[in-house]
Amino acid sequence: MDVTNLTIIKALQDLRSKKYSAVELTNAYIERIKKYNPVLNAFLTVNEKGALDQATRADEQRTKGIELPLLGIPIALKDIFVTKDIKTTAASKVLRNYIPQYDGTVVKKLKDAGAIIIGKTNLDAWAHGSSGENSDFGPTKNPYNTDYVPGGSSSGSPVSITSNMSLAATGTDTGGSIRLPAGFTNTVGLKPTYGRVSRYGVIAMSSSLDSIGHFTKTVEDNALFLNITAGHDTHDATTPMKDVPDYMEHIKKGVKGLKIGVPKEYYGEGLDPRIKELVEKSLKFYESLGAEIIEMSLPYTEYAIAVYYIIQTAEVSSNLARFDGIRYGSDRSHFGDEAKRRIMLGTYVLSAGYYDAYYKKAMQVRTLIKNDFEEAYKKVDVIITPSSPTLPWRLGEKVSDPLKMYLSDIYTVTGNLAGVPGLSVPAGFIDDLPVGIQILGPHFSESLLYQVAYPLEQSLKLYERKPNL
Amino acid sequence: MIYTPVIGLEVHVELKTKSKMFCSCSADYFGKGPNTHTCPVCLGLPGALPVPNKTAIDWCIMIATALNCKINTFSKFDRKNYFYPDLTKGFQLSQYDLPFGEKGYMQLSNGKKVGITRVHMEEDTGKLSHIDNTSLIDFNRSGVPLVEIVTEPDFDNATDVKEYLQRLQQIVRYLDVSNADMEKGDMRLEPNISLRNEDELKNKKLPKYKVEVKNINSFRFVEKAITYEIKRQTETLESGKNPVQETRGWNESKQLTFTQRIKEEANDYRYFPEPDIPPIRLTPNQIDTIKSEMVELPDAKLERFQKEYELSHYDAEILTREIITAEYFEKTVLIGKEKNITAKQIANYIINKKPDITSLSTTDLVSTILEATQTVQMDEPKLNEIIERVLATNQKAVEDYKNGKETVIMFLVGMVMRDAKTKLDAQMVKSKIQEKLQ
């Protein structure tokens, strides 16, 4: 059964019209996983039996006339999402045999929506990384060229979409870990507004920066998925009581009259000129549809990486303290180098005598970065930038230089510091490697991001360009 | 050289909320099977998040108000990072620089004002037990709400400390926010004790060291432990040495303090604001609402009882020692009013007879008092007859009375009452006898 042309919407139609059953569909994906995962290493755990049980149940429910928004759709979860009775490792040896006793809120919502959990995907251990190379269980490969990285830290999830091993996959974005890999793998990746989606049941990396998002093949699929995951959660005090709109409602509204901001700090030195050209092509396209391109500035951008690596590592050093190996998991000697690096940095910036100069200062500058966006959105509706300053790099190219690796986040960390939503959407290919653009909006403007992304997606139809597996 | 004690107190009060501080597990853990009141949050499992208990915060603000603190309208939780097996997350959720209440005071009976530095919220840890070479951890207590109350180092003697603790216990029991039972661990005390020399006293300087004493589990031992420690430190200073800055434990059976942990420098807890809990912003309206839900506090009730019921300080203090007694008394007074029983009568009865107020209803109490004081009306001629007879058969007493021994009249009253065989109004009988003996 050929599943390589499916989207969530198409699969739901097919399941409703009984073209195939959920069990058949799930089996098809499991077959693909068995065939392609040994090369791509996108999955750490395949939930074969569980998925087939869920699929059987989905078919029964559909027969009874029960309608659920994801009934029978195979999805993958980044292995940082806690799943009851399914091994959850955060791609670290510390948790290599850890089986959680509860489902996180998002996992529960997806299951209640009828989704089939097909497996847990690979990532940089503890979500520390931008390439997938920090996984304790080997890196995931880019399906468009397996010598290259797919980006990280959510590395397995977008690869599972693009290589048709799942129809949707969750991720987390703390400094760009959804938007960057989405750009590298020709997928649509959403980092929602901070607090839009519950963090309960997602292993915490940096509590004030973690955003719970997802990857899909298309913009419409992405909006459908957000309809399910978004909303206030009594288990997460940082989710506001805000209503959840229908994120699919305004997708086809178009961009006429919209003001698109282009911040000069994201188009300067360090940006591959070929990527710049490709992004500018997209901007011209928007102009042709009636949008206005406005040049602007986000002046505090130059401090973003420093601010990010102080705040994030501080919170990481505290969040990883519970992994002492006393009640579950292995002891601390099993932490990888990058985790140790960040724990040390974080502990340092919080120590007595250094707190004011580093952590407190960084938090204050964070407010300035947030203000940059608030001021910008008084003049523009959305901001468009590249998802990454460079093309995907070769496996191993940046591993010996952690700082160089940190600089890959340069266009994405500001979004996390300000808490704003960002959507990465495919913009083209260079050297046969995918390139994405990032659309950033005001808090809770996810509908608008989809509205802006849709016409570009429909014009380029890049979701039709499959990798040669 | 005269040394003056300098004592500050840290008290932890465990709140008797239904659920824990950051999760909905039951907080009523005492005596329950180990690890039966747990969930991912209080176990600090990967992915769990804290959600604050509003009742606990309201109650903390009540305690702070009762201690005359300033309530911060902007407050937050902070992470106190340290490692210990009973601390599931590797950090404790507490408050650092913006506690709910600060800069209050408590006035003692001798007029001394003890400064309250801060009143803040934090979560309790699990409980460790050690058997042979094994250590077991019970997390039922992990996450239970604690209010920490810290005083300025204003105490200079153990008696004041004991009074402070008794008043504090009374306040939280009045507010019904804690059982404050030292034996059960829902009120824990850590005094910091040091001695000032004359020079430091004159210049209002604090000594360069302080000794923290832990494990004092009852009021009985508070004074003893402090007295012992003062004596020990005095001996050390007099021998020319400085007492070591350390934590000592109180040994109940040996009645002494012993070294537990040497504190050379303070732990670096790397406090930072808890990102998982948005800061708490209280409006003056909200603070007023919380205050309006507070019961009348012991001091206020004591004063009011003296005024309103015309009771002595002594009597009013006994009646207001526990709120249950005070409320019982006032209810009885209301009922008694209709039966012409005075507040003083009820007070006397409760104080002297000490009835079991949990089993004796207020209406029954009034009836009991009525019976005890009931006087029966007697036929006037019949009464006169009895009086005449008593006076006739007690000539010596009558003569003694006429010769100035006034107290004899009560004997005669008693004789009349005995013969009458009913409860007569003693005053009335006395007056009649006096009339006749005129």
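Start by selecting Ser153(A), which sits in the loop between β3 (116-121) and α5 (156-162) of chain A. Keep in mind as you go that this is a predicted model. Now show the backbone of Gly152(A) as well: the peptide bond that runs from Gly152(A) to Ser153(A) is cis, with omega near 10°. Most peptide bonds are trans, and most residues other than glycine have a negative phi.

You will find Asp176(B) in the loop that joins α2 (158-174) to β11 (187-196) of chain B.

Next, go back to chain A and show the side chains of Lys34(A) and Glu48(A). They form a salt bridge, with an N to O distance of 3.1 Å. Lys34(A) belongs to helix α2 (residues 22-40) of chain A and Glu48(A) to helix α3 (residues 48-63), so this pair ties together parts that are 14 residues apart in sequence. Why do such pairs form? Side chains of opposite charge can pair when their charged atoms come close.

Now colour the two chains separately and turn to where they meet. How many residues does each chain bring to the contact? Chain A gives 34 residues and chain B gives 29 residues. Between them about 2,500 Å² is buried, and carbon and sulfur atoms account for 59% of that area. On the chain A side, select Ala237(A), Arg322(A) and Arg327(A): these lose the most area to chain B, together 25% of what that side buries.

To see which elements of chain A take part, highlight α9 (304-319) and α10 (337-350), the ones that give two or more residues to the side touching chain B. The largest share, 4 residues, comes from α9(A). By type, that side of chain A divides into 17 nonpolar, 11 polar and 6 charged residues.

For the last stop, look into the second largest pocket, which holds about 1,700 Å³ of space. Centre your view on Ile277(B), Pro278(B), Pro279(B), Ile280(B) and Arg281(B), which of its 50 lining residues are the closest to the pocket centre. Then highlight the elements that each supply at least two lining residues: α11 (356-379) and α13 (413-418) from chain A, with α1 (54-66), β15 (272-273), β16 (280-281) and α5 (284-292) from chain B. Which element gives the largest share of the lining? That is α11(A), with 8 residues. Coloured by type, the lining shows 26 nonpolar, 12 polar and 12 charged residues.

Key
Residues numbered from 1 in each chain as written. Chains lettered and ligands numbered in written order. Predicted model: local features only at pLDDT ≥ 70, side-chain atom pairs only at ≥ 80, totals over all residues. Heavy atoms only, no water. Contact = heavy atoms within 4.5 Å. Buried area = accessible area lost by both parts, 1.4 Å probe. Nonpolar A, V, L, I, M, F, W, Y, C, P; charged D, E, K, R; others polar. 1 Å grid on protein atoms, 1.4 Å probe; cavity = no way out; pocket = protein on both sides within 12 Å on 5 of 7 lines; lining within 4 Å. Points joined across faces, edges and corners; volume = space filled by probe spheres on them. Salt bridge = Lys/Arg side-chain N within 4 Å of Asp/Glu carboxyl O.
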